Amino acid sequence: MLIRHLKFFVTLAEEQHFGRAAQICSVTQPTLSQAIRKLEEDLNLALIVRSHRFVSLTPEGEKVLRWGRQILADYDSLHDDLSGKTKGGLTGTLRLGVIPAAMPSVSFLSHQFEDRNPLVQIEIRSMSSRIIEKSLENFEIDGGITYLDNEPIEHVRRFPLYHERYVFACREDHPLAGREKVTWAQAVREPLCLLSVDMQNRRILNRIAAGAGLELRPKVVSNSFLGVASHLRLGHWCAIVPHTFGFVFGGAEDLVLLDMVEPVHQQTIGLVLADRLPQSPMALALQDCADTVDIEAEFASMLARFPLEPREAAVR
């Protein structure tokens, strides 16, 4: 079995089209088909359900796809190590899956990584925790940033990065803007616009509210922080957002962010890597950054410019 035949097969499985796969692999379609058939002969298995076009993988083909991705990832790591590419910084692309709530924090980790590996291109994808889990299993990403203690994903290595807490966001002319803190009971009575990219984030908020005997009934949900910010700026809506929201939008003169109490809640956000050996050079480099970067301190420094407290104008 040749590595290039395995690469052709994985590409075909991902594209599900012989023509596109051949183009990506820079070969003719007959050459691609011949390579796939040779792989099937070597393994003595049918890997693809064929018609006049690609139909699907056989059950055996699905297994070979999972192993193939792992073998190709290990081969690339071996090649880079033997060629000396891992000395003085990595090359290639770092693929990082990040839950939406952690997007404001990812720049601290990527900055650390780029500083040590200036030749690497960094690709950041917004994903739910479950998609991060699946993408790690399929070698589609090198690492993920997600919750470590709320519905944690399985079969991963965990590296805490920082603790997330929730704040109440409103415009500076809102009646609650002059308070030092806002209770969950006060917050749920306001017209809320909440971030709702996946059900996990919503379940966390619902559990916190339910623990205080409350029910969250948002008027608006948005799948992006930009959508939430837009509704806040208009003034009619308020929001419950992670405190890291202040790093991205805390400089807006008309927005106020207030700590939430009764209850006070926090959860751990961290880096997750596939639980396998050997680790790829990208994964090892990510782990090293996670061990050394102090995102808590970075946030504290940044948020000091935009303190979570009422502005004097609002108090008056």
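In the predicted model, helix H1 (residues 3–15) packs with helix H3 (residues 29–43) at an angle of about 110°, the two axes lying 9 Å apart. H1 is therefore roughly perpendicular to H3, since angles of 65 to 115 degrees are assigned to that class. On the H1 side the contact is made by His 5, Leu 6, Phe 8, Phe 9 and Leu 12, which meet Leu 32, Ala 35, Ile 36, Lys 38 and Leu 39 of H3. By residue class, the contact of H1 with H3 comprises eight nonpolar residues, one polar and one charged.

Helix H6 (residues 129–137) has Ser 129, Ile 132, Glu 133, Ser 135 and Leu 136 as buried residues. These residues lie on the same side of H6, because they cover an arc of only 170° around its axis. Such a pattern can be read against the helical repeat: an α-helix has 3.6 residues a turn, so residues three or four places apart point the same way. The elements against which the buried residues of H6 pack are strand E3 (92–98), strand E5 (143–147), strand E6 (156–171), helix H8 (199–211) and strand E12 (266–274). Just after H6, a positive phi of about 60° is found at Phe 139.

With a pair of cysteine sulfur atoms required to lie within 2.5 Å, the count of disulfides is zero. Cys 170 accordingly takes part in no disulfide, its nearest cysteine sulfur, that of Cys 238, being 5.3 Å away. Cys 170 is buried, with a relative accessible area of 1%, and Cys 193, at 0% relative accessibility, likewise counts as buried.

Terms used:
Residues numbered from 1 in each chain as written. Predicted model: local features only at pLDDT ≥ 70, side-chain atom pairs only at ≥ 80, totals over all residues. Heavy atoms only, no water. Buried < 20%, exposed > 50% of the residue type's maximum accessible area, 1.4 Å probe, protein only. Helix = DSSP H or I, 4+ residues; strand = E, 2+ residues; numbered from the N terminus. Arc of directions from axis to C-beta. Contact = heavy atoms within 4.5 Å. Axes fitted to C-alpha atoms, helices over the stretch in contact; angles between N-to-C directions. Parallel < 35°, antiparallel > 145°, perpendicular 65-115°, else oblique. Nonpolar A, V, L, I, M, F, W, Y, C, P; charged D, E, K, R; others polar.
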